[in-house]
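Please have the sequence and the 3D view open as you read.

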Amino acid sequence: MLHTIKKIGVLTSGGDAPGMNAAIRSVVRTCAFHDIKCYGIYRGYEGMIDGDFVEMDARSVKGIINKGGTMLKSARSKDFRTKEGRAKAYEQLRKAGIDAFVVIGGDGSFTGAMIFNKEYNFPVMGIPGTIDNDIFGTTHTLGYDTALNTVVEVIDKIRDTASSHNRLFFIEVMGRDVGHIALNVGIGAGAEEILIPEEDLGLDRLLESLRRSKQSGKSSSIVIVAEGDKIGKSVFELKDYVEENMSEYEVRVSVLGHMQRGGAPSCFDRVLASRMGVKAVESLITGKSSYMVGMKNDVMDLTPFDQAVKGKSKINKELLRVSDIMSI
Ligand code: ATP
């Protein structure tokens, strides 16, 4: 392996996701394994601009693999979007002797890294950390699997109330642009309908489906609504619409919100984070730059940042059919 890189920085940027700590741990330990110094960069690009760096060794990441959130903190930095802000960040990295960095975040964070790489020819590598799984170039982003498990557990609990009172529940889950969470938890928790940004079910079909479900003897129903569902109504507007048209149902709404992002990462996310960290550091030290690490067919893979940022992560249409069949 080429050993021109001597010091690697690692930061978390954008929204936090379970598994980010496990990825930090992996980057730090892979650096230690290859005799490369590693620096934690606090508060995303904001901390990069301020020079908020701390040297980390293999022991400084003990006890974090099972923790949600990010020990390095995360931030959204307006200054990094400007040339002047990035110039300051470059100066701080140069002063600290940092040769390359790994950014754990979403497509915005990768866009920033890509621009920085172009401006300063600075080696950068990305690890996708976001619960929405909305990034092209990987079948799973960090935190997605944990979020699915968290949400399914909560829906199971809501189901207890729904069935005790013969109620219809609309449950809003995260997913502004893609319906991965909604579709998977909908199948996993046995929802009657799933509304996602990719498919317009239409209000008439929704009512028809709920009527069918009632006639078939179901005492309660759960409809999963992704934040950005294509019908274009908020979950509260959907509730009003259904109550106006189906007086037989008592409708309740539950918006799950930020709890979906928290909690200890699942085993899957811990393993994925560990694999991604190794791949990111080893790619940098073999001279690669401006790529996102991803997983395809259970193999670690690299996707150029521009493709990762521009590409669309698509839902699996087979799941739509499975969901239809299961809700008979
Ligand atoms: P999430 O999926 O949680 O939204 P994200 O990485 O997409 O994560 P953003 O807020 O979009 O989150 O981006 C994180 C940070 O990356 C921004 O605060 C900003 O500092 C930097 N960034 C985003 N877009 C750009 C850009 N076009 N130029 C420079 N920096 C950018």
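## Two domains

This is a predicted model. The domain assignment divides the protein chain into domain 1, made of 7-142 + 265-310, and domain 2, covering 144-261. Taken over C-alpha atoms, the centres of domain 1 and domain 2 are separated by 35 Å.

The domains also touch each other: 16 residues of domain 1 are in contact with 12 residues of domain 2.

## The largest pocket

The largest pocket lies between domain 1 and domain 2, because both give residues to its lining.

That lining holds 42 residues, and those nearest the centre of the pocket are G14, R76, G106, D107 and G108. By class, the lining of the largest pocket has 11 nonpolar, 17 polar and 14 charged residues. Helix α4 gives the most to this lining, with 6 residues. Both α4 and α10 (305-310) supply at least two residues each to the lining of the largest pocket.

## The annotated residue D107

Which feature does UniProt place at D107? The record, an unreviewed entry, gives "binding site" at D107. In the model, D107 is in helix α4, which covers residues 107-120, and D107 is among the residues that lie nearest the centre of the largest pocket.

Is D107 buried, exposed or partly exposed? D107 counts as partly exposed because its relative accessible area is 37%, and the range for that label runs between 20% and 50%. Leaving aside neighbours within four places in sequence, D107 is in contact with I135 and V309.

## The second largest pocket

The second largest pocket has a volume of about 280 Å³. Where does the second largest pocket lie relative to domain 1 and domain 2? Both domains give residues to the lining of the second largest pocket, so it lies between them.

Its lining has 17 residues, with N133, T138, T139, H180 and K314 nearest the centre of the second largest pocket. Helix α6, residues 180-188, gives the most to the lining of the second largest pocket, with 3 residues. Sorted by class, the residues lining the second largest pocket are 6 nonpolar, 9 polar and 2 charged.

Methods:
Residues are numbered from 1 along each chain as its sequence is written. This is a predicted model: local features need pLDDT of at least 70, side-chain atom pairs count only at pLDDT 80 or more; totals for chains, interfaces and linings use all residues. Side-chain values use heavy atoms; hydrogens and water are left out. UniProt positions are given in the numbering used here, feature names are shortened, and annotations may be inferred rather than shown by experiment. Helices (H or I, at least four residues) and strands (E, at least two) are DSSP runs, numbered from the N terminus. Buried means under 20% relative accessible area, exposed over 50%, partly exposed in between (1.4 Å probe, protein chains only). Contact means heavy atoms within 4.5 Å. On a 1 Å grid over the protein atoms alone, a cavity is a set of points where a 1.4 Å probe fits but cannot get out, and a pocket is an open set with protein on both sides within 12 Å along at least five of seven lines; lining residues have an atom within 4 Å of a point. Ala, Val, Leu, Ile, Met, Phe, Trp, Tyr, Cys and Pro count as nonpolar, Asp, Glu, Lys and Arg as charged, and the others, Gly among them, as polar. Domain bounds come from an automatic or database domain assignment. Grid points are joined across faces, edges and corners, and a volume is the space filled by probe spheres set on the points.
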